[in-house]
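Subject: A structure for you to look at

Hello,

I am passing on a structure that I have just been through. Please open it beside this message.

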Amino acid sequence: MATPAYAVAAAYTPEDVCGAGFARVSDSSRPVKTSSGRVYGHVYLLYNRTTGYNCVTTIKTSFVGTSTYVSARLETQTKRIKDEPVRTAVKQDHKSYKYYAGPVKLYAKGYCVKYWGVIKPNGHAPQAATGGRNVWGNCG
């Protein structure tokens, strides 16, 4: 039997957070973990084929129901102008949350994306957990 806090967290799916029309993509889930390997949650990447928007959310599996720092970050490539370097757009949601950060949405039809999540417990010098993909992917 799941603990009440864990059951509440399990009630939040990435699809619920991002909304109607969003579905997980390939490489859509990464653990948010400490350097020692402890997993505090997962960061998810979803896409809406109708609107061309990507969505990122970080959902906690540890410290559920307690307000702790949580962030969800999405970065997309944007239109190039001639031979200029690739431009990017970044959007992030970050503050103390009980269950998840996000949804963070950016238009990305035809462009590559990066996504990242952080969960940091309360207390003196706590070890933060991070995860995501910091290289361009899911292009198209």
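Below are my notes, from the whole chain down to single residues.

First, the ground rules. This is a predicted model, so please note that local features need pLDDT of at least 70 and side-chain atom pairs count only at pLDDT 80 or more, while totals for chains, interfaces and linings use all residues. Residues are numbered from 1 along each chain as its sequence is written, and side-chain values use heavy atoms, with hydrogens and water left out.

The protein chain has two helices and eight strands, in the order α-α-β-β-β-β-β-β-β-β from the N terminus. The radius of gyration is 15 Å, close to the 14 Å of the globule rule for 140 residues, so the protein chain is as compact as a globular protein of that length. Helices (H or I, at least four residues) and strands (E, at least two) are DSSP runs, numbered from the N terminus. The radius is taken over C-alpha atoms, and the rule is 2.2 Å times the number of residues to the power 0.38.

Along its principal axes, the C-alpha trace spans about 55 × 35 × 20 Å. Of the 140 residues, 38% count as buried; buried means under 20% relative accessible area, exposed over 50%, and partly exposed in between (1.4 Å probe, protein chains only). Among contacts (heavy atoms within 4.5 Å) between residues at least 6 apart in sequence, 60% join residues at least 24 apart.

Asparagine 54 is buried, at 3% relative accessible area. A polar atom of its side chain lies 3.3 Å from the backbone oxygen of leucine 46. Beyond its neighbours within four places in sequence, the contacts of asparagine 54 include Phe22, Leu74, Val104 and Val113.

A few backbone details may also interest you. Glycine 102 and proline 103 are joined by a cis peptide bond, with omega about 10 degrees, and proline 103 belongs to strand 6 (residues 100–107). Aspartate 27, in strand 1 (residues 23–33), has a positive phi, near 60 degrees, although not a glycine; this aspartate is partly exposed, at 31%. Asparagine 138 also has a positive phi, near 45 degrees. That asparagine sits in the segment after strand 8 (129–137) and is partly exposed, with 26% relative accessibility.

How values were computed
Polar contact = N/O pair within 3.5 Å; in protein donor to acceptor, adjacent residues only side chain to side chain.
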